[in-house]
Structures are given as structure tokens and as C-alpha cells.
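This report describes a protein model at the level of residues, helices and strands. Please examine the sequence and the structure shown below before reading on.

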Amino acid sequence: MTQTINIALPKGRLGEKACTLLRDAGFDCPGAMEDSRRLVFENPENGVRLFWVKPSDVAIYVERGAADLGVIGKDILLEYTPDVYELADLKMGRCRMCVAGPRGYRDDVARTLRVATKFPNIARRHYDALGRPIEIIKLNGSIELAPILGLSDVIVDIVETGTTLRENDLEVLDTIVDISARLIANRAGYKFKHEKICEIADGLAAVGKKV
């Protein structure tokens, strides 16, 4: 009997790219890319079940064993540090985690730096390593607005092309880490479904080299 591997994919462009990669590697689930409200798709022939979840929830499904594998951005792994195995860099969704601020901004080290971000843990670790005291201002959207309105001095956020920063008279001040999509595995699932999981991981790696 074919072992079934449950794979959590993030809704959105990254998940769609991952779904295409799985298809090209021979682990297709018919209908998964169709425009519908269905969330779960299964292909008993190749032993794969795909389901769509909110990007930030992928790690939770994998960590708790509802999914054996997941595709997730390195930013989420760094922010939440889930207890999972990171199997591979899928070389997709490439961007950077950066510190950005107004053009020509100069840090006044005599006072606490105000940092607006969706990623407080990443920001705090970065500045702790520099020995720089900061105040974290946790926001959920429109991070670029914070320094414009004087809510913060700088922001820590994902930068892909930098267009949004430029259009708001902001610029990258420092790059914290490069970000891309990663294939992660549940620890117990990796042990008990090792052969099948490795087959999928190797298939994705082989297809990824051709892209």
C-alpha cells in the first residue's frame, strides 16, 4: 500500500510555484491549481495529499504532525523557530529581510531606536547582536508608513524589488538575511515516512536544478 504524504502549501504565489514544482517532480494532485474553494486535494496513485493554508500556519501544521511536509518562507522559520526539520532550499520566492528608513537616515545612538516590524523576533535578534537598544513597534501591515508618520525611526521588513520603498522615499539601510522558500518536515513523519519523504525531496531538488 502506498504511503500518503500530507503536504501543507501556503496560499498565494509561493504555494502555486511549489505546486507546479511538485507536479513537475511527479507528485501532482489534479485540481489543486484550479480556482475553487476546495482546500484538500489527493492523488492516491502517487501517495500525496496537498492542502492550502495561510502562509504563517504552514509551520504549525507541520510541527504538530497534521502535515508531513510543508513549503514555507525562511522569514517565518526565523521568526517563529518551529521544531521541524529544514530539508531543502527550494530557490523560490527569493527576497531579503532588511532594515529600511528615510533616505539619508543616520542613527542617533544616544537614544533608543524605534523599529516598526511584522517580525519582532528577527528584529530583536539582529539589534541584540549589534548591542543596539531598540523599542519594537509591532505592526501587521503598511510598515512603510511608520517612519513617514514618525511612528518609528526605521522598519524591518521583507524587500523584494524595493519599489515600494523608493515610492515612499525610503531606502535599504542594512540587509539582515536572504530569504527563500524552504521544504520542511515533521520530525516524527521524517522518521516513519523517511523513504517517501526523501523521494519527494529528491524529486523537487532535481526539478529545481532545471528551473
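With the side chain of which residue does the side chain of Asn 6 make a polar contact? The partner is the side chain of Arg 49, at 2.4 Å. A polar contact is here a pair of N or O atoms within 3.5 Å; within protein, one atom must be able to donate a hydrogen and the other to accept it, and residues adjacent in sequence count only if both atoms are side-chain atoms.

The model is predicted: local features need pLDDT of at least 70, side-chain atom pairs count only at pLDDT 80 or more, and totals for chains, interfaces and linings use all residues. Residues are numbered from 1 along each chain as its sequence is written, and side-chain values use heavy atoms, with hydrogens and water left out.

**Overall organisation**

The protein chain contains eight helices and eleven strands. Helices (H or I, at least four residues) and strands (E, at least two) are DSSP runs, numbered from the N terminus. Along its principal axes, the C-alpha trace of the protein chain spans about 65 × 35 × 30 Å. Of the 211 residues in the protein chain, 46% are buried. Buried means under 20% relative accessible area and exposed over 50%, with partly exposed in between (1.4 Å probe, protein chains only). Among contacts (heavy atoms within 4.5 Å) between residues at least 6 apart in sequence, 68% join residues at least 24 apart.

Asn 6 belongs to strand 1, which covers residues 5-10. Because its relative accessible area is 14%, Asn 6 counts as buried. Beyond its neighbours within four places in sequence, Asn 6 is in contact with Arg 49, Phe 51, Ala 66, Ala 67, Asp 68 and Leu 69.

Ile 7 touches Leu 22, Val 48, Arg 49, Leu 50, Phe 51, Leu 69 and Ile 200, residues up to four places away in sequence not being counted. In soluble globular proteins, nonpolar side chains tend to be buried together. A nonpolar core is a set of buried Ala, Val, Leu, Ile, Met, Phe, Trp, Tyr and Cys residues joined through side-chain atoms within 4.5 Å. The largest such core has 27 residues, and those with the most contacts inside it are Ile 7, Leu 9, Leu 50 and Ile 200. Two or more residues of this core come from each of strand 1, helix 1 (13-24), strand 3 (48-53), strand 4 (69-73), strand 11 (181-185) and helix 8 (194-210). Helix 8 gives the most, with five residues. Another core, of 15 residues, lies apart from it and includes Tyr 105, Ala 123, Tyr 127 and Val 154.

**Helix 1**

The buried residues of helix 1 include Gly 15, Ala 18, Cys 19, Leu 21 and Leu 22. Seen down the helix axis, the buried residues fall within an arc of 160°, so they line one face of helix 1; the arc is that of the directions from the helix axis to the C-beta atoms. Gly 26, which follows helix 1, has a positive phi near 95°.

Six of the eight residues of strand 6 (95-102) are buried. Two strands pair if DSSP finds at least two bridges between them. The pairings of strand 6 are listed below.

| Strand 10 (170-179) | Eight, antiparallel | Thr 175 |

**Loop residues**

Because its relative accessibility is 6%, Asp 153 counts as buried. Its side chain forms a polar contact of 2.9 Å with the side chain of Arg 111, and the side chain of Asp 153 also reaches the backbone nitrogen of Arg 114 at 2.8 Å. Outside four places in sequence, the contacts of Asp 153 include Gly 101, Pro 102, Tyr 105, Thr 112, Leu 113 and Pro 147.

Most residues other than glycine have a negative phi, and most peptide bonds are trans. Thr 81, not a glycine, has a positive phi of about 40°. Thr 81 is located in the loop between helix 3 (74-80) and strand 5 (85-89), and counts as exposed because its relative accessibility is 56%. Lys 91, also not a glycine, has a positive phi of about 60° and is found in the loop between strand 5 and strand 6.
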